[in-house]
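Have the sequence and the model open beside you as you read.

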Amino acid sequence: MTEYKKIEDLSSKCGIQSISVSFIYLSYILEAFLKFQEQGYLFSNMLRRTEPAEIINDVISQGVHIGILPINQLDLISFAEKIKQYKLRYFKLFESVQTYVIVGRKHPLAGKRRISISEMLAYPLTYYTALPEASKLRQIYDFNISLKVQNRDELFLALKNNKCFSLLTLTPDSKNPEFCYIPLIDDEFKMNICVIFQSGTAFTAQEIELIEFLKNTVRVKTTDSDKF
């Protein structure tokens with residue numbers, strides 16, 4: 001116990017604290033985490049990618065201090081009501097982020113410059129992140145045959161068969177040249193990248209720096225006017 005106390009004292013003197021985060025896999029968020037870590041900041045072992053419900057559970061149980069997840073515009077009100085029941089709060093890290101349809105280069109709709117969600121319903125959707133039970137997006141996910149895959153690699157493999165489509169947000173640097181990215185014209189399908197935390201949480205200096213780093217480093221697209 002004496003040695004443990006010495007280690008605690010040393011850590012407090014150095015001013016270094018680890019950051020615990022639970023998040024949905026978004027490539028640009030993970031890349032930003034790694035860049036932040038390169039600057040000498042530490043993440044605890046609780047830096048994990050998981051499903052929306054698990055992220056909320058992680059924050060409720062105090063397994064992590066911060067949760068990061070995308071919430072569709074259609075689901076934002078019900079999401080806020082749900083987490084309030086568990087004495088959680090949220091703020092928007094990025095607001096009204098453009099959603100894109102991703103398809104293979106030979107998909108029948110690959111040449112479209114813009115698209116509505118109704119045009120996609122004739123094709124099967126593939127995805128790897130589970131939807132909350134009450135999500136209004138279930139009208140899309142359940143409308144036609146959907147293919148749930150385990151990870152991003154399987155998602156891309158499914159898209160290459162030129163029949164499936166998927167929905168995602170992206171940055172200018174996260175485009176894969178093997179696919180076409182078509183902006184959705186339906187504003188209600190835009191996304192909000194939200195940070196959730198327990199009410200009364202006092203963020204550490206390192207957590208505040210991480211949030212500011214994400215805001216200043218990640219360049220998510222909030223409009224379809226940016227051309228690839």
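Does aspartate 186 count as buried or exposed? Aspartate 186 counts as buried because its relative accessibility is 16% (buried means under 20% relative accessible area, exposed over 50%, partly exposed in between, with a 1.4 Å probe and protein chains only). This is a predicted model, in which local features need pLDDT of at least 70 and side-chain atom pairs count only at pLDDT 80 or more, while totals for chains, interfaces and linings use all residues. Residues are numbered from 1 along each chain as its sequence is written, and side-chain values use heavy atoms, leaving out hydrogens and water.

You will find aspartate 186 in the loop that joins strands S9 and S10 (strands are DSSP runs of E, at least two residues; helices are runs of H or I, at least four; both are numbered from the N terminus). Beyond its neighbours within four places in sequence, aspartate 186 is in contact with Ile115, Ser116 and Ile117 (heavy atoms within 4.5 Å).

| From aspartate 186 | To isoleucine 117 | Distance |
|---|---|---|
| C-alpha | C-alpha | 7.0 Å |
| Side-chain polar atom | Backbone nitrogen | 2.9 Å |

Now to the sheet. S9 belongs to an open sheet of three strands, ordered S8-S5-S9 with antiparallel pairing (two strands pair if DSSP finds at least two bridges between them). S8 and S9 each have a single partner strand, so one side of each lacks a neighbour in the sheet. S5 and S8 pair over three bridges, and isoleucine 102 stands opposite serine 166 in S8.

Technical notes:
Polar contact = N/O pair within 3.5 Å; in protein donor to acceptor, adjacent residues only side chain to side chain.
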